[in-house]
Amino acid sequence: MTQTTTTSPSSTLNNHAGNIKLLDAVTAKLQLKNDAALSRALEVAPPVISKIRHGRLPIGATILIRMHEVTDIAIRELKAIALPATREVAV
């Protein structure tokens, strides 16, 4: 028997590698050069982007919504970029 594992909504974007991937995707979509430009585009302080990139802060709902607003990428797609693929685990 296999069971599909999913993440809880509260921990959705607390995946360090996925968050880096998401930051990079948004940076590329907006054709920005660095995290300072990304922080200006998202209207957040530069340390927020740094803390996300270094795994000390998850991507919260406010930043996720802001990413959606500036890129026109659906929130579902943004989450798909940041989340690891769902895997099946033998039970």
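Helices (H or I, at least four residues) and strands (E, at least two) are taken here as DSSP runs, numbered from the N terminus. On that basis Asp72 falls in the loop between α4 (61-71) and α5 (75-82), in a chain that has 5 helices and 2 strands. The structure is a predicted model, in which local features need pLDDT of at least 70 and side-chain atom pairs count only at pLDDT 80 or more, whereas totals for chains, interfaces and linings use all residues. Residues are numbered from 1 along each chain as its sequence is written, and side-chain values use heavy atoms, with hydrogens and water left out.

**Confidence**

- The predictor's confidence in each residue is given as pLDDT, from 0 to 100; its mean over the chain is 86, and 79% of the residues reach 70 or more.
- Confidence is lowest in strand β1 (residues 2-4), where the mean is 47, and highest in helix α2 (residues 35-42), where it is 98.
- Over residues 1-12 pLDDT stays under 50, and for this stretch the model has 21 contacts beyond four places in sequence, a contact meaning heavy atoms within 4.5 Å.

**Overall organisation**

- Read from the N terminus on, the elements of the chain follow the order β-α-α-α-α-α-β.
- Of the 91 residues in the chain, 24% are buried, where buried means under 20% relative accessible area, exposed over 50% and partly exposed in between (1.4 Å probe, protein chains only).
- When contacts in the chain between residues at least 6 apart in sequence are considered, 67% of them join residues at least 24 apart.

**Helix α1 and its packing**

- Helix α1 (16-29) has 14 residues and reaches 20 Å from its first C-alpha to its last, close to the 20 Å expected at 1.5 Å a residue, the expected span being 1.5 Å times one less than the number of residues.
- The buried residues of α1 are Gly18, Asn19, Leu22, Leu23, Val26 and Thr27, and these pack against α2, α3 (46-53), α4 and α5.
- The axes of α1 and α3 come within 8 Å and cross at roughly 135 degrees, where axes are lines fitted to C-alpha atoms, for helices over the stretch in contact, and angles run from 0 to 180 degrees between N-to-C directions.
- On the α1 side the contact is made by His16, Asn19, Ile20, Leu23 and Asp24, and on the α3 side by Ile49, Ile52 and Arg53.
- By class, the contact of α1 with α3 has 4 nonpolar, 2 polar and 2 charged residues; Ala, Val, Leu, Ile, Met, Phe, Trp, Tyr, Cys and Pro count as nonpolar, Asp, Glu, Lys and Arg as charged, and the others, Gly among them, as polar.

**Individual residues of α1**

- Asp24 lies in helix α1 and, at 38% relative accessibility, counts as partly exposed; its C-alpha atom is separated by 9.5 Å from that of Leu38, 14 residues apart along the chain.
- Thr27, also found in helix α1, is buried with a relative accessible area of 12%, and, leaving aside neighbours within four places in sequence, Thr27 is in contact with Leu32 and Leu38.

**Positive phi in loop residues**

- Gln31, placed in the loop between α1 and α2, has a positive phi of about 55 degrees although it is not a glycine, and at 72% relative accessibility Gln31 counts as exposed.
- Asp72 likewise has a positive phi, near 65 degrees, in a residue other than glycine, and counts as exposed at 67% relative accessibility.

- Asn14, in the loop between β1 and α1, counts as exposed at 52% relative accessibility; not counting residues up to four places away in sequence, Asn14 touches Asn19 and Pro58.
- Asn14 and Ile52 are 38 residues apart in sequence, and their C-alpha atoms are 9.1 Å apart in space.
- Ala82, in helix α5, counts as buried at 0% relative accessibility, and its contacts, leaving aside neighbours within four places in sequence, are with Leu13, Asn15, Gly18, Asn19 and Leu22.
- The C-alpha atoms of Ala82 and Leu13 are separated by 6.4 Å, although the two residues are 69 residues apart along the chain.
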